[in-house]
Amino acid sequence: SIHNVTATFKPSSTAKPTVDSVSPLRRPVGAGSVTITGAHFTGLTAVRFGRAQAPAGSVDLVSDSEVEVSSVPAGATSAKVTVVTAAGSGTSASTFTVQAITSFTPATGKPGSTITITGSGFTGATAVAIDGTNTTTYTVTSDTKITATIANTTQSGPITVTTTDGTATSSKPFTVTGTNGTHIGNPFEIG
């Protein structure tokens, strides 16, 4: 005898995801984890920071209401965070800030001189350093600007800005010059 069997496929979730919170709301690219909470995350297909998609290996679906991203993806910019499933997408109400140093002026200077650092995510900075040496003083004038005084023992190297959410590093080094204009660099540096 032949029996008619009806099977019904039910997707994991038919509701679009919603994003309630992103924590923390600031991190540098490649540093620290980010937790996203909301609803209807089962069936997750992507997490985006602006247009930059987090690699699949860095995304952990903890539950239907929580996603953990191990680090902010390369190419991320300060933007809203989006969670995507087969049912649609949900976007955070708040903007996620990518903590970054985009430029600094001047490009060279002697100890005691002042530099201006431009970027994002600077509010609440706990340290500003050049080649690992903390600046003598620094002032966070806005979330995008810091002025700092070069310490006497500073050598040429990358600039870093540290907050409780991570450390942003400049892509180019700052060059420290002596009082007579000579380059003060790493004594082990060849070139």
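Me: Why does Ser58 count as buried?
Reply: Buried means under 20% relative accessible area, exposed over 50%, and partly exposed in between, with a 1.4 Å probe and protein chains only. Ser58 therefore counts as buried, because its relative accessibility is 11%.

The model is predicted, with pLDDT of at least 70 required for local features and 80 or more for side-chain atom pairs, while totals for chains, interfaces and linings use all residues. Residues are numbered from 1 along each chain as its sequence is written, and side-chain values use heavy atoms, leaving out hydrogens and water.

Me: Which residues does Ser58 touch, not counting residues up to four places away in sequence?
Reply: Ser58 lies in the loop between strand S5 (52-53) and strand S6 (59-63); strands are DSSP runs of E, at least two residues, numbered from the N terminus. Contact means heavy atoms within 4.5 Å. Beyond four places in sequence, Ser58 touches Glu68, Val69 and Ser70.

Me: Which strands are the edge strands of the open sheet of four strands?
Reply: The sheet has the order S10-S12-S16-S15, with antiparallel pairing. Each edge strand pairs on one side only; the two are strand S10 (100-105) and strand S15 (137-142).

Terms used. Pairing = 2+ DSSP bridges.
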